[in-house]
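Keep the sequence and the model side by side.

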Amino acid sequence: KSLLLFLFFFSVLVSLIFLVFFAKIGPSQHAVPPNDYLIHFEPAAEGILRGQGIPIKWNFAPGYPILLSGIFGLAQLIGVNRLDFIVVFNIILTALASCFLFLTAKEIFNKRIALIAAFLWMSYPFNLWFIKNPHTEVPFIFLLFLGIFFYVLTLKRKSFKYAFFTGFSLGTAAFVRMIGLFLPF
């Protein structure tokens with residue numbers, strides 16, 4: 001447990017160091033926040049908060065606006081900027097994803113290889129790039145790693161409860177990002 005806590009907080013530290021140096025750097029098409037967020041996700045999340053739901057002509061998976069509406073509501077409740085709170089949320093999910101990657105690799109290989117995998121993932125530049133903006137990739141990757149962890153436990157322990165959690169995690173990942181639609185199968 002102490003190793004997992006260390007990995008979590010070390011990942012948070014790596015993310016914060018990245019943000020200090022690279023939060024406002026990038027090409028213009030990687031603006032903060034990105035166009036998908038401004039045009040699609042933010043209005044849908046606001047519609048959910050107002051009780052209007054997601055528009056009928058919706059071309060995206062509905063999970064991310066639902067998640068954003070919860071983040072918006074919590075940000076409003078505690079009085080912080082929405083985008084700043086999304087970044088905090090992204091940092092936490094990235095740290096949790098690193099922990100689940102560690103647990104998965106430890107189940108398959110050993111603790112040493114699992115540590116290497118977790119450290120590589122938490123310092124991977126493309127992974128870190130997503131934490132500074134509201135992107136669907138951050139919650140998707142967390143749910144994907146969680147689902148893979150439960151899948152490995154299902155295979156190793158042959159337990160129905162892990163199979164259930166595998167399906168739930170991967171189904172939720174597909175709900176956040178449609179590319180994961182066939183993961184549960």
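Which helices do the buried residues of H2 pack against? They pack against helix H3 (63-78) and helix H4 (82-108). Packing here rests on contact, that is, heavy atoms within 4.5 Å. Buried means under 20% relative accessible area, exposed over 50%, and partly exposed in between (1.4 Å probe, protein chains only). Helices are DSSP runs of H or I with at least four residues, and strands are runs of E with at least two, numbered from the N terminus.

This is a predicted model: local features need pLDDT of at least 70, side-chain atom pairs count only at pLDDT 80 or more, and totals for chains, interfaces and linings use all residues. Residues are numbered from 1 along each chain as its sequence is written, and side-chain values use heavy atoms, with hydrogens and water left out.

Stay with H2, residues 35-49. Its buried residues are Tyr-37, Phe-41, Glu-42, Ala-44, Ala-45 and Gly-47. H2 bends by about 35° at Phe-41. The bend is the angle between axes fitted to the seven residues ending there and the seven starting there. A proline, Pro-43, follows within four residues. The end C-alpha atoms of H2 are 20 Å apart, which agrees with the 21 Å that 15 residues should span. The expected span is 1.5 Å times one less than the number of residues. After H2 comes Gly-51, whose phi is positive, near 85°.

Now move to H5, residues 111-122. Its buried residues are Ala-114, Ala-118, Trp-121 and Met-122. Seen down the axis of H5, they fall within an arc of 90°, so they line one face of the helix. The arc is that of the directions from the helix axis to the C-beta atoms. On the other side, Arg-112 and Leu-120 are exposed. The cover over the buried residues of H5 includes helix H1 (2-22), H4, helix H6 (125-129) and helix H7 (137-157).

Helix H7 also holds Glu-137. Glu-137 is buried, with a relative accessible area of 18%. Leaving out residues up to four places away in sequence, Glu-137 touches Phe-130 and Arg-177.

Finally, step back. The protein chain has eight helices and zero strands. Of its 185 residues, 44% count as buried. The C-alpha trace spans about 45 × 40 × 30 Å along its principal axes. Among contacts between residues at least 6 apart in sequence, 67% join residues at least 24 apart.
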